[in-house]
Amino acid sequence: MTTPTTEHPAREVTERRLHPVTPLRRAWAPVAVLIGWALHDPDQAQRQLTRLTTTTLLIALAALLPAAALYGFLTWWFTHFAVTDTELRIRTGLLFRRTAHIRIERIQAVDVTQPLLARVAGVAKLKLDVVGTDKKDELAFLGEREARALRAELLARAAGFAPETAHEVGEAPVEQLLRVPPRVLAVSLVLTGATWATLVAAVVVPPLLWLATGSVWTVLATGLPLLGAAGASSVGRFVAEYDWTVGDSPDGLRIDRGLLDRVHETVPPGRVQTVRIVEPLLWRRRGWVRVELDVAGSSNSLLVPVAPREVAESVVARVLPGVTVPPRSALSRPPRRAGRCVPLWWRGYGFAATDAVFAARRGVLRRSVALVPHAKVQSVRLTQGPWKRLWGLADVQVDTGANGTVTARLRGAQEAAEILHRQAERSRTGRRDARPDRWMA
């Protein structure tokens, strides 16, 4: 099941196909088109179905199923991939051919995901985060062992290993940093305000709409999305974040998670732009926090769903080497006159700048501290509206490579100007002394 091609006269490149179960997945595409048409115009679809006799319906199914199977087989047959000295090449397309050339040095993360049925079949999906692209390229499906071996080879190539030895490097060793117990995860979701807010809305809003309109369709159109949101914020999160494990390896921090669908993600080294330590109100008595990320060019946004603060800060120290999370006492509040601009909530803002990071706090009920390494600051600016100008206040904003912004709010105007100049200098120094963003560095 391999097709040899020649990339260079001196070296032969072997193209490979996906796993043989892949046609079963792709055969659903024609069926999905019909279902999409039916959902788009349900009245027309119902009228067309009522006109069909049993014989006609059986004939249509007898024609559709072989056609779907043939489509799945042909799309699998015409899909190839190959790893060359410099790129991962993926050729797809039945009628219109498409060839993706993914430069190996631009690969930021390689994730292995296994939906429930894929786990049963012993296959996996390989997803790649590539610099400069918003959508992940993927290979679905590969045998589980083949997917892990290909992932290890791509990471080794990206780290600079020679092509002829990269496949021998194997998967890098992992040191487990934390594992979230299912009970702790369940309690944290129960103590999350968003879970209760959506659940209360799903229970209260539909009866009120029924009393106001008397329309069953209005109640269903509103109640079902609310129930879905409540489920997604509780059961959905529990299923997705179940058995959350974070490990440290030479190719970055690895995250394994999932109850039904298992996902193996990688936080790319050196690509983390911002780390946020979030502390919901009901978690404070237990000392729990949540750690979120902004990663340039990657969709990975969560590092730790729930953990004691000390454990979470030790993980942050791994993802941002040399960074220590500033204590609460080190985050200075805005001057008291800031209360005239933002009553009550001004007390939730804070700022600190250490030798390693720009740190900004916000929130009274749901506290959040954002940490931006100085080397990741792309630009820094001072903003001041007319009301803030009246009271001698200003905001200092830093922009990162992940198209994010972290703001030190409601600082005194003179202090803000000093922060601006000092941060610009820290950013220049940080970029000069930063470690290279490279795998296994």
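At 8% relative accessibility, does W76 count as buried or exposed? W76 counts as buried at that value, where buried means under 20% relative accessible area, exposed over 50% and partly exposed in between, with a 1.4 Å probe and protein chains only. This is a predicted model, in which local features need pLDDT of at least 70 and side-chain atom pairs count only at pLDDT 80 or more, while totals for chains, interfaces and linings use all residues. Residues are numbered from 1 along each chain as its sequence is written, and side-chain values use heavy atoms, with hydrogens and water left out.

**Confidence**

- The protein chain has an average pLDDT of 84, and 87% of the residues score at least 70; pLDDT is the predictor's confidence in each residue, from 0 to 100.
- Over residues 1-10 the pLDDT stays under 50, and for this stretch the model has 23 contacts beyond four places in sequence, a contact being heavy atoms within 4.5 Å.

**Aromatic pairs and the charge over the rings**

- Seven aromatic pairs are present in the structure; rings of Phe, Tyr and Trp (its six-membered ring) pair if their centres lie within 6.5 Å, and planes under 30 degrees apart count as stacked, over 60 as edge-to-face and the rest as tilted.
- The pair of F73 and W76 is tilted, because the ring centres are 5.7 Å apart and the planes stand at 50 degrees.
- F73 and W76 are three residues apart in helix 4 (residues 54-77), and are therefore separated by about one helical turn; helices (H or I, at least four residues) and strands (E, at least two) are DSSP runs, numbered from the N terminus.
- F73 counts as partly exposed at 38% relative accessibility, whereas W76 is buried.
- The pair of W387 and W391 is edge-to-face, because its ring centres are 6.0 Å apart and its planes stand at 80 degrees; W387 is partly exposed at 47% relative accessibility, and W391 is partly exposed at 25%.
- F73, W76 and W77 are linked into a cluster by ring pairs.
- R17 lies over the face of W76 at 6.0 Å from the ring centre, and over the face of W77 at 3.7 Å from the ring centre, where the criterion is NZ of Lys or CZ of Arg within 6 Å of the ring centre and within 35 degrees of the ring normal.

- An open sheet is formed by seven strands in the order 8-7-6-12-11-10-9, with antiparallel pairing; two strands pair if DSSP finds at least two bridges between them.
- Strand 8 (137-143) and strand 9 (175-179) stand at the edges with a single partner strand each, so one side of each is left without a neighbour in the sheet.
- Neighbouring strands are turned by 20 degrees against each other on average, direction ignored; axes are lines fitted to C-alpha atoms, for helices over the stretch in contact, and angles run from 0 to 180 degrees between N-to-C directions.
- Strand 7 (residues 123-130) runs antiparallel to strand 8 and is joined to it by six bridges, and K125 has A140 in strand 8 as its bridge partner.
- Strand 6 and strand 7 also pair in the antiparallel sense over six bridges, and D111 has K127 in strand 7 as its bridge partner.
- Strand 7 is largely enclosed by the rest of the structure, because seven of its eight residues are buried.
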